[in-house]
Amino acid sequence: LENIGRQVLHALEQDEAKLSRAATMMTVDFSDHPNNIGHKSRSFAISLPYSLPSMVAAALSVMQKEYPQGNMPHITWLGLSGGNFRDLPKGNALITSFLKPKE
């Protein structure tokens with residue numbers, strides 16, 4: 001999961017730099033059956049700055065919720081992707097977008 005997460009993180013950082021946009025959702029797709037029968041997809045929120053340890057921990061948490069007995073079986077297929085992109089403000093607007101407007 002960490003190797004896939006590293007690749008997705010790199011792609012998201014490139015997307016942010018080149019297209020000035022950021023992903024707000026991450027989807028983990030997985031299957032625990034041979035031939036990928038019983039494929040599952042679950043999403044969770046992410047935010048800037050992206051963090052590999054946070055992404056991996058959140059993905060594992062989402063996957064573990066599918067196995068309440070605590071016995072996660074051998075995963076036969078795994079995918080991780082970013083989505084639900086939002087445009088980032090240009091220039092100083094990025095800083096001021098996090099500040100509360102004066103009333």
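Predicted model: local features only at pLDDT ≥ 70, side-chain atom pairs only at ≥ 80, totals over all residues.
Apart from neighbours within four places in sequence, the contacts of Ser 81 are Met 25, Met 26 and Thr 27. The C-alpha atom of Ser 81 lies 9.2 Å from that of Leu 12, although 69 residues separate the two along the chain.

Strand S3 belongs to an open sheet of three strands, ordered S2-S1-S3 and paired in antiparallel fashion. The edge positions are held by S2 and S3, each of which has a single partner strand, so one side of each lacks a neighbour in the sheet. On average, and with direction ignored, neighbouring strands are turned by 25 degrees against each other. The antiparallel strands S1 and S3 are joined by 10 bridges, and Ala 22 stands opposite Arg 86 in S3. Helix H1 lies across S1 and S3, at about 20 degrees to S3.

Helix H2 comprises 13 residues, 52-64. The distance from its first C-alpha to its last is 18 Å, close to the 18 Å expected at 1.5 Å a residue. Buried positions in H2 are Leu 52, Met 55, Val 56, Ala 59, Val 62 and Met 63. Viewed down the axis of H2, these buried residues fall within an arc of 130 degrees and therefore line one face of the helix. The elements covering the buried residues of H2 include helix H1 (2-19) and strands S1 (21-31), S2 (40-45) and S3 (77-87).

Terms used:
Residues numbered from 1 in each chain as written. Heavy atoms only, no water. Helix = DSSP H or I, 4+ residues; strand = E, 2+ residues; numbered from the N terminus. Expected span 1.5 Å × (residues − 1). Buried < 20%, exposed > 50% of the residue type's maximum accessible area, 1.4 Å probe, protein only. Arc of directions from axis to C-beta. Contact = heavy atoms within 4.5 Å. Pairing = 2+ DSSP bridges. Axes fitted to C-alpha atoms, helices over the stretch in contact; angles between N-to-C directions.
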